[in-house]
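Reader: I am new to this. Please show me how to read a feature or two here.

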Amino acid sequence: MMFDANELANFRDAQSSHMMDTGYRMARSVTANAYNEPIESFTQAATATVCGLEMKSGAEKDKETMTLIEYDAILRLPITFTIDYKDRFKVTKRYGESITALTFEVVSPIQRGPSGLRVLLRKVEA
């Protein structure tokens, strides 16, 4: 089934209006230390984005690699948001209220639907 431009716009507006949480992309970068060993770091974006966090654990099988992906949460993001599967994501507000930040690593390829992105996350200690 194909959606027309108006239907897609309506889906995306509805999706965005139901994202009641706020968070930051934490972009991954790798540098080398004096011994040429890789050092991984994550840089928080300057601007927050709306998101929808569902604290729901589970497992899915990646069809391409046939590996089991275990996750602690599912994150919905706007369709125009850019995130890489090597990044992390920090949630700082739930339902509009500030919380003790929750930091997650992305554990699956980014899934793009007609109205937004879906990302599987695993909680990490910040």
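Author: Start with burial. Buried means under 20% relative accessible area, exposed over 50%, and partly exposed in between (1.4 Å probe, protein chains only). D62 has a relative accessible area of 16%, so D62 is buried.
This is a predicted model: local features need pLDDT of at least 70, side-chain atom pairs count only at pLDDT 80 or more, and totals for chains, interfaces and linings use all residues. Residues are numbered from 1 along each chain as its sequence is written, and side-chain values use heavy atoms, without hydrogens and water.

Reader: Where does D62 lie, and what is D62 in contact with?

Author: Strands (E, at least two residues) are DSSP runs, numbered from the N terminus. D62 is in strand β4, residues 58-62. Contact means heavy atoms within 4.5 Å. Beyond its neighbours within four places in sequence, D62 touches T67, I69 and P109. P109 is 47 residues from D62 along the chain, yet their C-alpha atoms are 8.7 Å apart.

Reader: How many salt bridges are there?

Author: A salt bridge puts a side-chain nitrogen of Lys or Arg within 4 Å of a carboxyl oxygen of Asp or Glu. The count is five. One of them joins D87 and R25, at 2.5 Å from N to O. D87 sits in the loop between β6 (73-78) and β7 (88-94), and R25 in strand β1 (residues 21-32), 62 residues apart.

Reader: Is D87 buried or exposed?

Author: D87 is buried, at 3%. R25 is partly exposed, at 24%.

Reader: Which residue does E105 pair with?

Author: E105 forms a salt bridge with R122, with the closest N and O atoms 3.2 Å apart. E105 is in strand β8 and R122 in strand β10, so the pair ties together parts 17 residues apart in sequence.

Notes: Helices (H or I, at least four residues) and strands (E, at least two) are DSSP runs, numbered from the N terminus.
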